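This report describes selected strands, helices and backbone features of one structure. The sequence and coordinates come first.

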Number of protein chains: 2
Amino acid sequence: MPEVPLPSWNDGPARSAIVDLVARVAKEGGKDYVPPAERIATFDNDGTLWNEHPMLVQGFFLADRIKQLAAKDPSIKQRQPFKAFVEHDFKTLQSLGKQGLAELVFATHAGMSDEEFADIGRAWFASAKHPKYGCPFTQVAFRPQLELLGYLRENGFKTYIVTGGGVDFVRLISEPVYGIPREQVIGSSVKLRVEMKDGRPVLIKTPELGSFDDREAKVQNIGLHIGRRPVLAFGNSDGDLAMLRYVKSGPGARLALLLHHDDAEREAAYDREFMLSPLAEALDKADEYGITVVSVKRDWKVVFR
Amino acid sequence: MPEVPLPSWNDGPARSAIVDLVARVAKEGGKDYVPPAERIATFDNDGTLWNEHPMLVQGFFLADRIKQLAAKDPSIKQRQPFKAFVEHDFKTLQSLGKQGLAELVFATHAGMSDEEFADIGRAWFASAKHPKYGCPFTQVAFRPQLELLGYLRENGFKTYIVTGGGVDFVRLISEPVYGIPREQVIGSSVKLRVEMKDGRPVLIKTPELGSFDDREAKVQNIGLHIGRRPVLAFGNSDGDLAMLRYVKSGPGARLALLLHHDDAEREAAYDREFMLSPLAEALDKADEYGITVVSVKRDWKVVFR
């Protein structure tokens, strides 16, 4: 454990709120003590734990997949919305919305087993580079958040990802990047079908949406998968507002954090106009709902690893 | 760790298969070594971890709930299938099947928040007694299985329950009885709805079935919730067969165990004729699928705590 917790965070109300919450729930005999088994922290992923601007990491993955698929069927690159992916035409892609994007990703992988998908995804993460940052996509995670995840775990918290992204995709990197085991990732998903392949049962991804894990669905999925109201939640968009309110309104000490991307120089500045995952209502109502706003510019000493 | 693992298990092929599997996956550098993060074990609950004969624990709970509800509306006790519950009329109840029973339980609690349901369930477990065994229902768990859960965890396994029973119900006792945290229970569930109650968001149980966690659904839910093929699975009925085959057919060392209730003297003897959760195909095909049959009579020194 570092002498000063969260060294990449500047002194200020956000850092203080985190350190204070942890001290209160961990203090045995204190009025806000929470047994370790109940110390659950849930994090959104895109834009909260790693970069999502100008495009979701999973969007870049899909663009490369479409190029691979076009090797067999070149016409795919001429059809929308695939054309927009290949050309990194963010405006057209944003107009699809987050759910439209998720469904597209899912359609591209229907009929494949979860194990086959994992092989393709791992190969992509091992070779692809982020066009803006020039590094592997596993390195666009935010360093202050990696510290926060570690700090919470050192203090007995179990850390979860609750993402609108595809659960199979995020599980590929949750352990190596965030130290979060696959089973602690909740995300958007398709229904799975059990099928016999070479005499053994495998799980096949169907095209049918199981859950689009955004807004109220994040709360419903926390109930289904975890069955406890978390003590801390962290998000960055209106898609996280339901989860932040659910967590903050539990009894005892709770902390809801909202990341505001306001640092064009070091990363990106966006909120209301980011169509993929806008931040408007959550920002306007943060005070009213007791949500702590974290400013990239003010609260983070560094942004990336 | 006890000097001899699994003291309530008799020497024999079942105990040897377990000890051998654990030794192989834990041996660093060995060809069957499995890193701790991937050591997942999934257990059915009713009839595998605790008694289900002559009636499911959740059936007794429902019977008592119906009596409570009848205080407000006495006609409920005269209507089937509620009448059968109150009268512990197992024959009529068995004819409903396991899914019918699950749906009934869910209907009885629709409109309630998950937190309200938990209060009712906890109060019941604290006071109700099993009519056959005369002990609290938390004491009808099988001692050899409690030892097995502990033994697996001592060897780096993460233990899960994958049950056809209601997930909210089983989560009430998973930690105190089995040492399994709530979030490691996968079960049958209704869809949840987020609702504002006294100004704060709560999760409300709807009457709509989300998942009936039996047969292939157990495998699908393992994919959704855990995202890894377990190394060991334990069941006791045809409802567990898909899970046992899924686990056993993974690469490397795997173990699928099937409990056969063949001890009328110490517990109960039933298989093909137990309509609620029959054991027929799994027993007939155990050899072919490489499933290890565990006999209560032969393999267990004691049955209960």
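Which residue in β2(B) is the bridge partner of I40(B)? The bridge partner of I40(B) in β2(B) is K158(B).

The model is predicted: local features need pLDDT of at least 70, side-chain atom pairs count only at pLDDT 80 or more, and totals for chains, interfaces and linings use all residues. Residues are numbered from 1 along each chain as its sequence is written, chains are lettered from A and ligands numbered from 1 in the order in which they are written, and side-chain values use heavy atoms, with hydrogens and water left out.

**Strands of chain B**

Helices (H or I, at least four residues) and strands (E, at least two) are DSSP runs, numbered from the N terminus. Two strands pair if DSSP finds at least two bridges between them. Strand β1 (residues 40–43) of chain B runs parallel to β2(B), and four bridges join the two. On β3 (residues 185–197) of chain B, β2(B) has another parallel partner, with three bridges; here V162(B) is bridged to I186(B) in β3(B). Nine of the nine residues of β2(B), residues 158–166, are buried. Buried means under 20% relative accessible area, exposed over 50%, and partly exposed in between (1.4 Å probe, protein chains only).

**The sheet of chain A**

In chain A, seven strands form an open sheet with mixed pairing, in the order β4-β3-β2-β1-β5-β6-β7. Strands β4 (200–211) and β7 (292–295) of chain A each have a single partner strand and stand at the edges, so one side of each lacks a neighbour in the sheet. From one strand to the next, the twist averages 35 degrees. Axes are lines fitted to C-alpha atoms, for helices over the stretch in contact, and angles run from 0 to 180 degrees between N-to-C directions.

Strand β6 (residues 255–260) of chain A pairs with β7(A) in the parallel sense over four bridges, and L259(A) has V294(A) as its bridge partner in β7(A). Helix α9 (residues 241–248) of chain A packs on the sheet and touches β1 (40–43), β2 (158–166), β5 (232–235) and β6 of chain A. The direction of α9 makes about 160 degrees with that of β5(A). Contact means heavy atoms within 4.5 Å.

**Helix packing in chain A**

Helix α1 (residues 13–26) and helix α6 (residues 143–154) of chain A have axes that come within 11 Å and cross at roughly 15 degrees. That angle makes α1(A) roughly parallel to α6(A) (angles under 35 degrees count as roughly parallel, over 145 as roughly antiparallel, 65 to 115 as roughly perpendicular and the rest as oblique). In the contact, I18(A), V19(A) and V22(A) of α1(A) meet L148(A), Y151(A) and L152(A) of α6(A). These residues divide into six nonpolar, no polar and no charged (Ala, Val, Leu, Ile, Met, Phe, Trp, Tyr, Cys and Pro count as nonpolar, Asp, Glu, Lys and Arg as charged, and the others, Gly among them, as polar).

**Backbone features**

Most residues other than glycine have a negative phi, and most peptide bonds are trans.

| Feature | Value | Loop |
|---|---|---|
| cis bond H53(A) to P54(A) | omega near 15 degrees | P54(A): between β1 and α2 (57–70) of chain A |
| cis bond H53(B) to P54(B) | omega about 15 degrees | P54(B): between β1 and α2 (57–70) of chain B |

D198(A) counts as exposed at 81% relative accessibility, while R215(A) is partly exposed, with a relative accessible area of 39%.
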